[in-house]
Amino acid sequence: VSNFEQQDTAAATHRTGLVLKHAQNTVSFSFSEIDFNSSITKTYEYYLEGYKEKPFQNITVSNEAIYRNLPPGNYTFHVRSRGNYDEQGNLVEALFHFRVLPPWYQTWWAYLLWTTLATGIILGVIKWRVNIARRKEGIKKMVVDNELKALRAQINPHFI
């Protein structure tokens with residue numbers, strides 16, 4: 001059993017288990033193939049699905065891959081050795097699934113909170129403006145009523 005197959009089995013058991021916080025967005029992978037029958041230097045191909053990479057464009061003899069400042073999202077790291085084939089002649093590929101969470105202010109509930117706060121502030125300002133308009137109308141009505149009373153008071157003595 002090659003180390004890739006063991007990693008693939010381990011990746012399958014950790015398929016949904018590895019969740020990183022937004023500050024834990026630097027990931028380093030170390031991988032190797034154990035082959036006791038060959039002394040040839042192994043060449044590896046890898047890529048990070050969900051990141052801005054094309055499949056298997058990274059070809060190296062190094063057995064390490066580092067990704068820094070990953071944005072929030074779901075990722076799958078694919079790696080294979082260029083000399084490790086299965087019974088059908090396909091390259092054996094190991095997978096590792098993980099997720100980087102967004103910061104709290106970029107979550108759906110934070111957006112709901114911001115929307116609720118903004119709606120509350122807008123409704124409060126509207127209510128405040130309506131109350132000011134009502135007070136002004138009430139004052140105008142009182143002024144008009146008082147003027148009418150004054151005019152009536154001036155007219156009544158003349159008719160008596």
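This is a predicted model: local features need pLDDT of at least 70, side-chain atom pairs count only at pLDDT 80 or more; totals for chains, interfaces and linings use all residues.
Of the 160 residues in the chain, 22% are buried. The accessible surface comes to about 12000 Å², and carbon and sulfur atoms hold 57% of that area. Among contacts with a separation of 6 or more, 61% are made by residues 24 or more positions apart.

Five strands make up an open sheet in the order β1-β7-β6-β3-β4, and the pairing is mixed. Its edge strands are β1 (19–20) and β4 (58–60), each of which pairs on one side only. Strand β3 (residues 44–49) runs antiparallel to strand β6 (residues 73–85), and 6 bridges join the two. Within this pairing, leucine 48 stands opposite phenylalanine 77 of β6. On to the next pairing: β6 and β7 (residues 91–100) are antiparallel as well, with 9 bridges between them. Here tyrosine 85 has leucine 91 of β7 as its bridge partner, and threonine 76 stands opposite histidine 97 of β7. The hairpin of β6 and β7 has 5 residues between the strands, and glycine 89 in this hairpin takes a positive phi near 90°.

The nonpolar side chains come next. The largest nonpolar core has 16 residues, and Phe29, Phe31, Tyr67, Leu70, Phe77 and Phe98 are those with the most contacts inside it. Two or more residues of this core come from each of β2 (27–30), β3, β5 (64–67), β6 and β7.

The structure holds 15 aromatic pairs. One of these is the tilted pair of phenylalanine 31 and phenylalanine 77, with 6.0 Å centre to centre and 40° between the planes. This pair links distant parts of the chain, since phenylalanine 31 is in the loop between β2 and β3 while phenylalanine 77 is in strand β6, 46 residues apart. Phenylalanine 31 has a relative accessible area of 3% and is therefore buried; phenylalanine 77, also with a relative accessible area of 3%, is buried. A second pair joins tyrosine 75 and phenylalanine 98, whose ring centres are 5.4 Å apart and whose planes meet at 25°, so this pair is stacked. Because tyrosine 75 lies in strand β6 and phenylalanine 98 in strand β7, the pair ties together parts that are 23 residues apart in sequence. Both tyrosine 75 and phenylalanine 98 are buried. Ring pairs also link a cluster that consists of Phe29, Phe31, Tyr44, Tyr46, Tyr51, Tyr67, Tyr75, Phe77, Phe96 and Phe98.

Two polar residues round out the picture. Histidine 97, in strand β7, has 13% relative accessibility, which is under the 20% limit, so this residue counts as buried. Its side chain makes a polar contact of 2.9 Å with the side chain of threonine 76, the residue that stands opposite histidine 97 in the sheet. The C-alpha atoms of histidine 97 and histidine 78 are separated by 9.0 Å, and the two residues are 19 residues apart along the chain. Threonine 107 has its place in the loop between β7 and α2 (108–159). With a relative accessible area of 15%, threonine 107 is buried too. A polar atom of the threonine 107 side chain lies 2.7 Å from the backbone oxygen of tryptophan 104.

Definitions and conventions:
Residues are numbered from 1 along each chain as its sequence is written. Side-chain values use heavy atoms; hydrogens and water are left out. Two strands pair if DSSP finds at least two bridges between them. Helices (H or I, at least four residues) and strands (E, at least two) are DSSP runs, numbered from the N terminus. Buried means under 20% relative accessible area, exposed over 50%, partly exposed in between (1.4 Å probe, protein chains only). A polar contact is a pair of N or O atoms within 3.5 Å; within protein, one must be able to donate a hydrogen and the other to accept it, and residues adjacent in sequence count only if both atoms are side-chain atoms. Contact means heavy atoms within 4.5 Å. Accessible areas come from the Shrake-Rupley method with a 1.4 Å probe; for residues, only the protein chains shown count as cover. A nonpolar core is a set of buried Ala, Val, Leu, Ile, Met, Phe, Trp, Tyr and Cys residues joined through side-chain atoms within 4.5 Å. Rings of Phe, Tyr and Trp (its six-membered ring) pair if their centres lie within 6.5 Å; planes under 30 degrees apart count as stacked, over 60 as edge-to-face and the rest as tilted.
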